[in-house]
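Biologist: I have a structure open on my screen and would like to learn how to read its features. Could you walk me through it?

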Amino acid sequence: MANLKEIRGRISSISSTMQITRAMKMVSAAKLKKAQDAIVMLRPYSEKLQEIIENVNSSSDPDQVSIYAQKREVKRVLFIAVTSNRGLAGAFNSNVVKELNIQFQNNAQYEIEVLTIGKKAYDAVRRGRTVFSNESNVFDKLSFDVVSNVTETVMSNFREGKFDEVYVIYNKFINAATQEVMTEKVLPISMAETDSAETTVETDYIFEPNRAEILDNLIPKSIKTQVFKAVLDSVASEHGARMTAMHKATDNAQELKNDLVIFYNKARQAAITNEILEIVSGAEALKNS
């Protein structure tokens, strides 16, 4: 049977671990509220902006299609993989890496490069794939401007023909316990096809100064907003995943601690019983002597 001192040490160690996991859960819960509010407020804006672009562009002259909507023969593809800089978040990071590997297999006929946002994605691909850029520092001071600078670099390379398609892979925030891995096309932008009757109703706009100039301003903003939304979704998902993981870790530690306490009590009881038997045996021996 294990030494009582050893069991007490294990119980103490588990108690310390529980304090850490409980504290990490509380920190993630506090950060989750702020991150959740940010993504909930951005989603309607992003969706409405995309809707306006689709409506404004639906009846445009095919010869005047934005360079960001031009489809060409696919030879080079860029994947933007969004993870976190830290672990201890369950399957949050590994799910993105797994989806990225699936995309590698599905697009093996193309030249593929990866732009990583998050150290976990960078560590997963740096040895086996061409890393276009590692932008893990965006989380140091996350803002729309910081992410816009990264997106502008991607857009510039797309305009120059370095990439023919660009996708972003990230965890979409559903709730604190649920995240869904998404793969969305960023470039070229997709224009919804609408019926002529729908177009007549939904594109009844007065353009000032003109349609082309409006699209030249809205489309880059929409692309940057899409990538920023993916990053915010990932941040909220990270905190939700970590909060859930630390909650489960705390529960598992508590269960293990309870089992050890029971084991310790049984061992202590057995040790006391043995001591009593030794005392009684010694007393009986004295009587008989």
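Biologist: Let me start with charged side chains. Which residue forms a salt bridge with K162?

Modeller: A word first: this is a predicted model. As for the general idea, side chains of opposite charge can pair when their charged atoms come close. Here the partner of K162 is E113, and the closest N and O atoms are 3.8 Å apart. E113 belongs to strand β2 (residues 111–117) while K162 sits in the loop between α4 and β4, so this pair ties together parts that are 49 residues apart in sequence.

Biologist: Is E113 buried or exposed?

Modeller: Buried means under 20% relative accessible area. E113 has 18% relative accessibility, so it counts as buried. K162, at 33%, is partly exposed.

Biologist: How many salt bridges does the structure have?

Modeller: The count comes to eight. Let me show you another one: R72 and D164 meet through their side chains, at 3.2 Å from N to O. R72 is in the loop between α1 (4–57) and β1 (76–82), and D164 is in the loop between α4 (144–159) and β4 (165–175), so the bridge ties together parts that are 92 residues apart in sequence. R72 counts as partly exposed because its relative accessibility is 28%. D164, with a relative accessible area of 5%, is buried.

Biologist: And what does K185 pair with?

Modeller: K185 meets E165 in a salt bridge, 3.6 Å from N to O. Here the two partners are both in strands: K185 in β5 (residues 178–187) and E165 in β4, so the pair ties together parts that are 20 residues apart in sequence. K185 is partly exposed at 29%, and E165 is buried at 12%. There is also a network, in which salt bridges that share partners join E152, R159 and K224.

Biologist: You keep naming helices and strands. How many of each does the protein have?

Modeller: The protein has six helices and five strands. Following the sequence, you would read them as α-β-α-β-α-β-α-β-β-α-α. As for burial across the chain, 39% of the 289 residues are buried.

Biologist: Which residues line the largest cavity?

Modeller: Its lining is made by Q50, I53, I189, S222, I223 and Q226. The elements that give two or more of these residues are α1 and α6. α6 gives the most, with three residues. By type, the lining has three nonpolar residues, three polar and no charged.

Biologist: What volume does the largest pocket have?

Modeller: The largest pocket has about 420 Å³. It is lined by 14 residues, of which K31, F139, L142, V235 and H239 are the closest to its centre. Again α1 and α6 are worth a look, as each supplies at least two lining residues. This lining divides into six nonpolar, three polar and five charged residues.

Biologist: What about the outside? Which residues make a nonpolar surface patch?

Modeller: Look at I272, I276 and V280, which make a nonpolar patch of about 240 Å². V280 lies in helix α6, which covers residues 211–288. V280 is partly exposed, with a relative accessible area of 43%.

Biologist: Last topic: the backbone. Which peptide bond is cis?

Modeller: Most residues other than glycine have a negative phi, and most peptide bonds are trans. In this model the bond from L187 to P188 is cis, with omega near -10°. You will find P188 in the loop between β5 and α5 (196–202).

Biologist: And which residue has a positive phi although it is not a glycine?

Modeller: That is L88, with a phi of about 55°. L88 sits in the loop between β1 and α2 (92–106). Its relative accessible area is 58%, so L88 is exposed.

Notes:
Residues numbered from 1 in each chain as written. Predicted model: local features only at pLDDT ≥ 70, side-chain atom pairs only at ≥ 80, totals over all residues. Heavy atoms only, no water. Patch = residues over 30% accessible without salt bridge, like charges linked within 9 Å, V, L, I, M, F, W, Y side chains within 5 Å. Areas by Shrake-Rupley, 256 points an atom, 1.4 Å probe, with all protein chains shown as cover. Salt bridge = Lys/Arg side-chain N within 4 Å of Asp/Glu carboxyl O. Helix = DSSP H or I, 4+ residues; strand = E, 2+ residues; numbered from the N terminus. Buried < 20%, exposed > 50% of the residue type's maximum accessible area, 1.4 Å probe, protein only. 1 Å grid on protein atoms, 1.4 Å probe; cavity = no way out; pocket = protein on both sides within 12 Å on 5 of 7 lines; lining within 4 Å. Nonpolar A, V, L, I, M, F, W, Y, C, P; charged D, E, K, R; others polar. Points joined across faces, edges and corners; volume = space filled by probe spheres on them.
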